Amino acid sequence: MNVAAATAAMPAETGRGRRALQLLLRYGVLIGVGLLMLYPLLWMVGASFKPNREIFDTIGFWPHSPTLEGYREGWRTGTEHTFGTYLANTFKIIVPKVIVTVISSVLVAYGFARFRIPGRRILFALLIATVLLPKSVLLIPQYLMFRELGWLDTFLPLYVPAAFATEGFFVFMIVQFMRGCPVEMEEAAVIDGCNSLQTLVYVVVPVILPAIISVALFQFMWSMNDFLQPLIYLSSVEKYPVSLALKLAIDVTEATSWNQVLAMSTIAVLPSIVLFYAAQKYFVEGITVGSVKG
Amino acid sequence: MTRGGLALEGLCKRFGSVEILRDVQLEVAPGDLIVVVGPSGCGKSTLLRLVAGLETPSAGRIRIGGRDVTAVPPAERGIAMVFQSYALYPHMTVAQNMGFGLKMQGRPKAEIAERVARAAQILQLGEYLDRKPRALSGGQRQRVAIGRAIVRDPEIFLFDEPLSNLDAALRGQMRVEIARLHAQLGATMLYVTHDQVEAMTLASTIVILNAGRVEQVGAPMELYRRPANRFVAGFLGAPRMNFVPAHVVSQSPGALLIGLEGATHGSPLRLVRATEAAQVGMPVTLGMRPEHLRLADAAASLLHGSVTLVERLGSETLVYVKPEGAEQITVKLDGGSAVARGDLVGLQVDAAHCHLFGPDGSAIGAPSDATGQSAAAGANVRVAG
Amino acid sequence: MYENRVAGVAYVLPFIFGLAAFTLFPFVASLLLSFSDYQLQDPIDAAAFVGAENYSAMFADGTFRKSLGVTFLYVFVTVPLKLAFALFIAWVLNFRLRGIGFFRTAYYLPSILGGSVAIAVVWRYVFAGDGLVNQAFELFGAEPVNWLGEPGYAMFSIVLLRLWQFGSAMVIFLAGLQAIPEDLYEAARLDGARGPRIFVSITLPLLTPIIFFNFIMQVVQAFQEFNGPYVITGGGPLKATYLLPLMIYEETFKYFNVGYASALSWLLFVIVALFTAIAFWTSRYWVFYAQERDEEKRGEEK
């Protein structure tokens with residue numbers, strides 16, 4: 001809304017006063033809420049550089065006697081593996097998962113957006129339904145299925161389903177994006193001699209790249225945060241991803257060395273924060289394309 | 001089987017139960033610039049897409065250069081298409097856009113570069129070759145789209161309303177450019193538009209399409225002067241032809257006497273037509289182009305009514321007359337006509353310029369003077385009242 | 001665009017397979033399991049049909065009643081609060097202020113990170129007995145609160161964690177607000193409408209599709225919350241934060257009662273399905289679409 005236009009109709013003096021007050025109020029709300037929002041994060045980062053005792057003594061986030069002890073000790077972890085092992089495990093899960101998610105989602109979305117498929121409406125409705133379906137209703141049979149396949153305590157159950165476009169949200173997102181793209185461009189490619197797969201690779205993918213990046217980023221974040229799936233599928237500590245390792249850390253280091261746990265938490269969210277700041281426009285686009293334009 | 005011609009044989013297209021094209025027959029000679037024109041939804045774009053191979057016909061054959069291409073993929077048909085939205089690849093440079101088709105054919109780089117350069121020279125695009133489409137103006141993008149077609153060296157160019165995204169000034173300029181290109185390349189072109197001005201100015205042959213059917217095919221002035229039916233007569237020409245309901249009063253050797261419905265005075269019009277074309281009493285429609293009408297003494301005129309609106313366009317004046325009990329009539333007069341709103345005027349027409357349409361809409365004969373402009377412009381104008 | 005059905009089916013084939021293998025099959029299997037006495041440690045063919053026993057057992061199960069109660073409490077408190085807060089902040093942000101980008105990012109970040117164990121860990125420490133909140137309380141001379149040890153406060157802590165993640169809903173609202181044409185506001189102002197009136201008569205109705213979308217997503221997500229309570233409170237104290245997904249997990253992997261857990265998961269599914277169905281059912285009365293869906297129109301052209 002245009003503040004200037006909204007206040008223009010008022011008498012000049014009260015208008016200016018009210019406008020300043022309104023501005024002040026709004027910034028006050030925004031900054032206050034913003035501080036409350038970010039303070040837990042600031043505190044986490046600050047506390048990770050504090051000696052343990054200081055964490056309990058002060059509520060300020062800035063460490064008075066900064067130390068890397070939390071990182072040094074935390075990295076060693078209470079287990080026989082360093083935190084590096086868990087980070088590596090996380091990436092061993094996430095990298096293949098993101099890749100197969102992107103590939104399968106793009107292929108399936110292309111099929112839905114550009115082809116006459118028998119039963120297309122029903123299939124697409126089912127796709128939306130999978131977004132709304134509570135995953136816990138699938139959890140137990142999926143677990144039994146992977147147990148019968150002998151996949152327990154491997155990374156396979158964590159990313160193989162993603163190769164079959166099981167995240168309906170991503171497919172939906174790309175379909176929405178493709179619908180917004182002119183078909184004529186793809187027809188030009190067909191006339192230029194592309195088959196449908198070449199059209200997808202040479203023309204469609206470059207054009208919908210922002211959507212693809214969004215999908216990759218969201219899948220990265222969600223997988224980073226994923227806890228329940230690794231919890232039920234992985235039993236050997238040496239295969240734990242970061243999320244499980246952190247849970248393990250608070251269970252064994254309870255009440256003693258918060259700075260270690262917070263240091264590792266900081267490391268755990270660091271990739272997400274960096275990615276988020278580097279590519280926030282893709283997050284905003286990705287999350288809004290399915291709702292506002294849908 | 002000359003190279004470059006196009007033949008459509010009994011082409012049909014249905015989407016479900018909707019018939020988009022019905023039994024289209026068309027023969028295009030090599031080197032022709034054929035314009036398919038019709039109102040929106042008439043199936044003209046579908047026709048073009050069928051020729052391009054982007055849609056499959058429900059029935060019928062398509063031949064290009066004598067070769068049956070009905071089942072041939074688009075890239076192997078020897079066609080190139082210029083899209084309404086240009087459809088340039090946004091992530092490729094101008095040169096890459098133009099060379100993409102050759103690249104897909106696996107042509108050597110040097111050949112691609114050479115052919116792109118040649119097309120760029122024809123279209124004066126040389127300095128833009130390394131730019132991305134978004135850094136170009138609308139007219140430049142249009143030229144790149146045409147350049148992409150030229151590079152493919154097709155047997156037939158297909159244009160899908162290529163000028164409709166441009167503003168009026170640019171549209172006129174590009175129209176001239178396309179005409180020049182046609183003359184320079186001597187290629188066969190199939191051009192789809194809803195704009196009759198483009199059709200009239202560009203075409204060597206016009207195809208009028210309506211509701212999926214070909215209404216008439218012919219040279220522009222031929223269609224203008226001898227429309228085969230009411231639709232064609234009404235579609236070509238701006239302002240539109242005036243249609244007045246009438247009936248056959250009597251026949252005389254080699255002529256029909258036509259009386260207007262509801263006309264209380266004035267003598268019937270005598271049109272030179274073969275008498276066997278119509279029976280006495282048959283309802284017909286009289287068609288008169290605005291430029292063939294002239295103002296006359298109300299008493300001695302064919303129709304009379306009051307002037308509802310006068311539009312002065314400078315070189316000409318459009319006068320709208322509402323006769324009692326009939327629909328509004330448009331009259332085109334020269335620029336200086338002294339006529340004003342509210343005037344009571346009579347209208348007269350030269351029978352030699354009149355079109356006659358039967359109850360089914362098809363033309364009965366043709367105006368006997370279907371060769372030159374009317375002499376009406378110089379006629380004596382008298383205003384009654 | 002393409003009429004080649006075979007190619008089209010080939011592209012969606014991964015989805016069809018995935019749908020069958022990882023969604024439909026487990027979905028049905030879960031229903032079947034819910035009528036069995038299957039125990040996790042047994043071979044799969046040891047499952048025996050027990051009729052609706054698992055479902056009738058729920059009514060006698062005090063833990064279940066408690067869990068169901070706190071789940072509803074959690075959903076009913078978090079969803080409206082989160083939506084209202086998200087809408088309010090989006091509305092404040094939508095004025096042409098400097099730094100809108102900064103605030104949007106700051107508010108959005110928590111919902112990107114909020115589901116992670118790392119944040120749950122931070123939350124646990126923030127609300128611990130000697131944690132940040134109690135230190136702040138002490139500073140202002142207030143009595144420290146046993147946040148994670150008392151049922152009501154424990155629930156409050158995990159509710160707060162969800163509210164903290166209002167950013168994604170806010171970003172969607174903000175995009176919706178920005179999609180409302182300025183002309184409409186101008187027109188309303190010319191008609192004499194003022195701030196609140198404009199919000200109620202113009203903004204809210206045009207935003208109903210977004211509210212609808214956010215509502216459904218939030219309900220579905222809230223009913224599935226697991227990480228927060230599992231890491232922060234472990235479902236306690238006195239099962240005060242023992243949300244249904246937590247109970248399903250423990251029944252399966254702690255007590256091995258797969259049959260019973262499956263029945264619970266189906267109940268959860270039915271509840272979510274009912275909520276979604278009601279939302280869709282009533283949407284025609286309160287969701288206003290400015291444009292008719294142009295799906296059909298597009299279909300005709302091609």
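**Entry 1**

I looked up what Ile174(A) touches once its neighbours within four places in sequence are set aside: Ser105(A), Val106(A), Ala109(A), Ile208(A), Ala211(A) and Val215(A). For me, "in contact" means that the C-beta atoms, placed from the backbone, lie within 7 Å.

A note on ground rules: this is a predicted model, where local features need pLDDT of at least 70 and side-chain atom pairs count only at pLDDT 80 or more, while totals for chains, interfaces and linings use all residues. Residues are numbered from 1 along each chain as its sequence is written, and chains are lettered from A and ligands numbered from 1 in the order in which they are written.

Back to Ile174(A): along with Leu158(B), Leu190(B) and Leu347(B), it touches the most other members of the largest nonpolar core, which has 269 residues. Such a core is a set of buried Ala, Val, Leu, Ile, Met, Phe, Trp, Tyr and Cys residues joined through C-beta atoms within 7 Å. Buried means 20 or more other C-beta atoms within 10 Å of a residue's own, exposed means 12 or fewer, and partly exposed is in between. Helix H5 (residues 83-114) of chain A gives the most to this core, with twelve residues. I take helices (H or I, at least four residues) and strands (E, at least two) as DSSP runs, numbered from the N terminus.

**Entry 1: a sheet in chain B**

I found six strands of chain B in an open, mixed sheet, ordered S6-S7-S8-S3-S9-S10. Strands pair here if DSSP finds at least two bridges between them. S6 (79-82) and S10 (213-218) of chain B are the edges, each pairing on one side only. Inside chain B, S3 (residues 33-37) and S8 (residues 188-193) run parallel, joined by five bridges. Leu190(B), which I met in the core, is the bridge partner of Ile34(B).

**Entry 2: A against C**

How many residues of chain A are in contact with chain C? I get 78, facing 84 residues of chain C. The chain A side divides into 55 nonpolar, 16 polar and seven charged residues. Nonpolar here is Ala, Val, Leu, Ile, Met, Phe, Trp, Tyr, Cys and Pro; charged is Asp, Glu, Lys and Arg; the others, Gly among them, are polar.

Asp153(A) is not a glycine, yet has a positive phi of about 60 degrees. It sits in the loop between H7 (136-148) and H8 (156-159) of chain A. Ala238(B) and Pro239(B) are joined by a cis peptide bond, with omega about -5 degrees.

Terms used: Two residues are in contact if their C-beta atoms, placed from the backbone, lie within 7 Å.
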